[in-house]
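Visitor: I am new here. Please show me the model, and then I will ask about it.
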Amino acid sequence: LYEGALVDRCVITNCSTSATSDSAWGEAVCMADATAVLKNSLIAYNTGHRVGGVRIRAAREFSNCTIVSNVARKACGGVQTDNGANRPQTCVNNIVWGNLAPTNPNLDDVLIFSYSCGVELVSGKGNVTSDPKFRNPSRGDWRLRASSPCENAGFNAYLSPGDRDLL
């Protein structure tokens, strides 16, 4: 995502790259501009060389997203930030869960997240480390159960009118 790009209410699934060199990342989404925005989206079942889900090189906002069941062959399955530089100004209300990789299955930088869910998110305001209790993940139903610890645990200031759980 470059030059003020906005990805909102998208489902990005089943993308796979055949890249095998260390210079090839192969992520499903790359946020590469300080004005890029990714929100209200599902990123699932993607496979990449170094990153499976989302790579953040620079971004303005990363919010209300569910990043699940992505696989990286080398580095980070869920969300990777490039050396902490140009972190998103806003990184709230995300769920990063059940991704796979040899070194950082879900995240490589926990400091950017707040009001989010991920097993590694032991610090950060409002974060949840418990299983988010999806309705039926084996069938791709990533909506939350009523008993989910993430239900009503987000920061409402980052919700838009009409926002709701994943369809």
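Guide: Start with the surface. This is a predicted model. The accessible surface of the protein is about 8,000 Å². Carbon and sulfur atoms hold 49% of that surface.

Visitor: How many helices and how many strands does the protein have?

Guide: Both counts cover the secondary structure of the protein. The tally is zero helices and 15 strands.

Visitor: What share of the residues is buried?

Guide: A residue counts as buried under 20% relative accessible area. The protein has 167 residues, and the buried share is 47%.

Visitor: Which residue in E12 stands opposite serine 63?

Guide: Strand E8 covers residues 61-63. E8 and E12 pair in the parallel sense over three bridges. Opposite serine 63, E12 places valine 92.

Visitor: Is leucine 38 buried or exposed?

Guide: Leucine 38 belongs to strand E4, residues 37-39. Buried means under 20% relative accessible area. Leucine 38 has 0% relative accessibility, so it counts as buried.

Visitor: What distance separates the C-alpha atoms of leucine 38 and asparagine 64?

Guide: Along the chain, leucine 38 and asparagine 64 are 26 residues apart. Their C-alpha atoms are separated by 8.6 Å.

Note on methods
Residues are numbered from 1 along each chain as its sequence is written. This is a predicted model: local features need pLDDT of at least 70, side-chain atom pairs count only at pLDDT 80 or more; totals for chains, interfaces and linings use all residues. Side-chain values use heavy atoms; hydrogens and water are left out. Two strands pair if DSSP finds at least two bridges between them. Helices (H or I, at least four residues) and strands (E, at least two) are DSSP runs, numbered from the N terminus. Buried means under 20% relative accessible area, exposed over 50%, partly exposed in between (1.4 Å probe, protein chains only). Accessible areas come from the Shrake-Rupley method with a 1.4 Å probe; for residues, only the protein chains shown count as cover.
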